[in-house]
Amino acid sequence: MERRIFHCGTCGYHLRFGVPRCSRCYRPTRLYNRKGFWWALALMVAFVGVQILRYTI
Ligand SMILES: [Zn+2]
C-alpha cells in the first residue's frame, strides 16, 4: 500500500491523504489532498481523451 504524507499549508502538520481539514489547526487542506479533486481530474482526462479519439479516428 502506498502511503503519502501531505503537509498542512498553514501549520505544517503531517496530514493523511483524503482529509478535508487539518486535524491540528482545522484549516481546509489543499485541493490536491482531496480525493474528489483527483476523481474530477481523472474524469476530465478520460473525457478529453474520448473527445480526442472521436475526432482523430
Ligand atoms: Zn494545520
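Gly-18 is partly exposed, because 13 other C-beta atoms lie within 10 Å. A residue counts as buried if 20 or more other C-beta atoms lie within 10 Å of its own, exposed if 12 or fewer, and partly exposed in between, with C-beta atoms placed from the backbone. Gly-18 sits in the loop between β2 and α1. Leaving aside neighbours within four places in sequence, Gly-18 is in contact with Arg-34 and Lys-35. Contact here requires the C-beta atoms of two residues, placed from the backbone, to lie within 7 Å. Gly-18 and Tyr-32 are 14 residues apart along the chain, and their C-alpha atoms are separated by 8.8 Å.

The model is predicted; local features need pLDDT of at least 70, side-chain atom pairs count only at pLDDT 80 or more, and totals for chains, interfaces and linings use all residues. Residues are numbered from 1 along each chain as its sequence is written. The mean pLDDT (the predictor's confidence in each residue, from 0 to 100) of the protein chain is 87. Of its residues, 93% reach 70 or more. Confidence is lowest in β1, at a mean of 80. It is highest in α1, at 94.

The protein chain has 1 helix and 2 strands. From the N terminus on, its elements run β-β-α. The radius of gyration of the protein chain is 16 Å, well over the 10 Å that the globule rule gives for 57 residues, so the chain is more spread out than a compact globule. This radius is taken over C-alpha atoms, and the globule rule is 2.2 Å times the number of residues to the power 0.38. Helices (H or I, at least four residues) and strands (E, at least two) are DSSP runs, numbered from the N terminus. Along the principal axes, the C-alpha atoms of the protein chain fill a box of roughly 50 × 25 × 15 Å. Of the 57 residues, 9% count as buried. Among contacts between residues at least 6 apart in sequence, 2% join residues at least 24 apart.

Helix α1 covers residues 35–56. At 1.5 Å a residue, its 22 residues should span 32 Å, and its end C-alpha atoms are 32 Å apart, which agrees. The expected span is 1.5 Å times one less than the number of residues. Of the 22 residues of α1, the number buried is 0, so the helix lies largely in the open.

Ile-5 belongs to strand β1. Ile-5 is exposed, because 8 other C-beta atoms lie within 10 Å. Ile-5 and Leu-43 are 38 residues apart along the chain, and their C-alpha atoms are separated by 24 Å.

Thr-10 is found in the loop between β1 (5–7) and β2 (14–16). Thr-10 is partly exposed, because 13 other C-beta atoms lie within 10 Å. Not counting residues up to four places away in sequence, Thr-10 touches Cys-22, Cys-25 and Arg-27. Thr-10 and Pro-28 are 18 residues apart in sequence, with a C-alpha to C-alpha separation of 9.3 Å.

Tyr-26 lies in the loop between β2 and α1. Tyr-26 is exposed, because 10 other C-beta atoms lie within 10 Å. The phi of Tyr-26 is near 60°, a positive value in a residue other than glycine. Most residues other than glycine have a negative phi.
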